Amino acid sequence: MSAKTKDRLATAGLYVIVGIIITVLAGLLGFVFVKGIPQLSWQFITTPPQIFKEGGGVGPQLFNSFYLLVLTLMIAVPIAIGAGIYLAEYARDHWIIRCIRVLIEVLSSLPSIVVGLFGFLFFVLYMGWGFSILSGAFALSLFNLPLLVRVVEQSICNIPKSQREAGWALGFSKWETITTIILPAALPGIVTGVILASGRVFGEAAALIYTAGMSTPIIDFTNWNPLSPTSPLNPFRPAETLAVHIWKINGEGIMPDAAAISDGAAALLIISILFFNFTSRFIGNWMFKKMGAN
Amino acid sequence: MQSVALQPVKMKTNRIKVVDSPDFPRSSVLQTTDLSVYYGEHCAVNEVSLSFPKQSVTALIGPSGCGKSTFLRSINRMNDDIDSCRTEGKIYYEGVDLHSLNVNVHEIRKQIGMVFQRPVPFAKSIFKNVAAGPMRYGVKDKRELLGIVEENLKKAALWEEVKDQLHTSALRLSGGQQQRLCIARALAMQPSVLLLDEPASALDPVSTAKIEELISQLKKDYTIVIVTHNMQQAARVSDEVAYFYMGRVIEHGPTEQIFNHPHHEQTAHYINGRIG
């Protein structure tokens, strides 16, 4: 077989593989959207669910998903940036550091249900926070830290050594070089990673079932005092997210339109995640462009 | 281009004080005595004693791996950050031993600026690149910063090309412009010595010519040490030349003498292109 024929065959093979992937993806998205989008309405995404009647919405669940995401990022991102800076800039090649890296890898491959059960034992029971957004946020932080640490470390490592030397040559200390030169240059990569992690948080169900809980108390969207039990901002209230809601109504939903609500919620979830992915690209590209790295 | 007088800028640091020591020649701002630099067991710089007169350009020449860049980097103690690197001997800057314990390494680097082989602009705007140093040393006032940026971009002969785009990214500049920006950034620290590590080797001939012209201008205010592989460049810009070979200085003297009547045969061979 000549090199040219081989090349053609390989190219054709790659096209077939790509075709399969695109078909599967398009079929999946198409199925969810075709079934789900007709269910979406302003009323659906703003009103609370009904337990026995038709016509309930997923308003609180949608809010819970976003609120949980914000809390999770508030916990996980600073830790991840600190750990990423340490691993990229300070850690030497030592067996303890190698152990830490292996542990991070192990943590990143833990099944989310295991993280959820650990969260249940530690945050819900031992810390006594009960089923709450806070427990959920901590469990999801644990779950996402490995990914985030990796992303931050990689983004920092991608900044060439010459940038650090240029900083030192100006009389900057190591820390000043990191904060004023390296981190700003690594920011586009970090932002992209954070938004990708957001997509994971948004779609996570298993880790939340035993931590954030499967119910939402009646919350009053006019009460923004975080200490009040009916406030949507209260971190100690149970909070069912969109993904958990889908899981629940498919298992034990007794409203007559359970299937329709589940379809609508699934479409809403995927739209939100697609939204995160596109914003991540957009913001990442925009920041790269602003810094002129094109 | 007229050289712009140094504007006194209040920065939150103390200048290293000039100490009178009898054996220290007043005319030279920088001097090394038996300076050796080791990477592990390997001796990269071997007992080099050189002195650099004020407001002059000294070119360090020699084949690749002869230790001239290592020597240059040890002057502002950039080698401190390399674990396996060890330095012996003394470096005097205005009479102060740079290895003595009470000398702040960041202060050294502020007064002894450095420009690297490849241009390394920060991923920031042109303005912020030049202002990075002064901001670090406590200049906050916007107008004062703008003055510093303008002054130093003018000194680096870049102002006319970038004055309308100060707030665009420095990464959009051409290689030659980026290198002049890096020189402006170093100048903004108000150093008295500039270390240039092959500053034009990654640039095209036109940019190289601009950098060389700039070096001749800057000589009026700064003491410049330049590492170069380009013999013509060394001949054009320098007042003195030191020829390095295998970590040692083989010959050091006025440029004219080194190029026309070198004392050592080896120097002549290198200059004529027979070593290297």
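Let us start with a pair of helices in chain A: the axes of α6 (residues 133–157) and α8 (residues 174–203) of chain A come within 9 Å and cross at roughly 150 degrees. Please keep in mind that this is a predicted model. What does the angle tell us about α6(A) and α8(A)? Angles over 145 degrees count as roughly antiparallel, and therefore α6(A) and α8(A) are roughly antiparallel to each other. The crossing of α6(A) and α8(A) is right-handed.

You can find this contact in the structure by looking for particular residues. On the α6(A) side they include A:L140, A:N144, A:L147 and A:V151, and on the α8(A) side they include A:I182, A:A186, A:G189 and A:V194. Sorted by class, the contact of α6(A) with α8(A) has twelve nonpolar, five polar and one charged residues.

Now step back to chain A as a whole. Chain A is divided into domain 1, covering 1–39, and domain 2, covering 42–291. The centres of these two domains of chain A, taken over C-alpha atoms, are separated by 31 Å. Where domain 1 and domain 2 of chain A touch, the contact takes seven residues from domain 1 and seven residues from domain 2.

Next comes the meeting of the two chains. How many residues does the contact take from chain B and from chain A? Chain B gives 22 residues and chain A gives 19 residues. On the side of chain B that touches chain A, α2 (105–111) and α3 (126–136) of chain B each supply at least two residues. The largest share of that side, four residues, comes from α2(B).

| Region | Nonpolar | Polar | Charged |
|---|---|---|---|
| Side of domain 1 of chain A that touches domain 2 of chain A | four residues | two residues | one residue |
| Contact of α6(A) with α8(A) | twelve residues | five residues | one residue |

Finally, look at a sheet in chain B. Six strands form an open sheet in the order β6-β7-β8-β3-β9-β10, with mixed pairing. Its edge strands are β6 (112–115) and β10 (248–254) of chain B, each of which pairs on one side only. On average, neighbouring strands of this sheet are turned by 15 degrees against each other, direction ignored. Strands of a sheet pair through backbone hydrogen bonds, either parallel or antiparallel. In which sense do β7 (residues 193–197) and β8 (residues 223–227) of chain B pair? These two strands of chain B pair in the parallel sense, over five bridges. As one example, B:D197 has B:V227 in β8(B) as its bridge partner.

Notes:
Residues are numbered from 1 along each chain as its sequence is written. Chains are lettered from A and ligands numbered from 1 in the order in which they are written. This is a predicted model: local features need pLDDT of at least 70, side-chain atom pairs count only at pLDDT 80 or more; totals for chains, interfaces and linings use all residues. Two residues are in contact if their C-beta atoms, placed from the backbone, lie within 7 Å. Domain bounds come from an automatic or database domain assignment. Ala, Val, Leu, Ile, Met, Phe, Trp, Tyr, Cys and Pro count as nonpolar, Asp, Glu, Lys and Arg as charged, and the others, Gly among them, as polar. Axes are lines fitted to C-alpha atoms, for helices over the stretch in contact, and angles run from 0 to 180 degrees between N-to-C directions. Angles under 35 degrees count as roughly parallel, over 145 as roughly antiparallel, 65 to 115 as roughly perpendicular and the rest as oblique. A crossing is left-handed if the near helix is turned anticlockwise from the far one by less than a right angle, and right-handed if clockwise. Two strands pair if DSSP finds at least two bridges between them.
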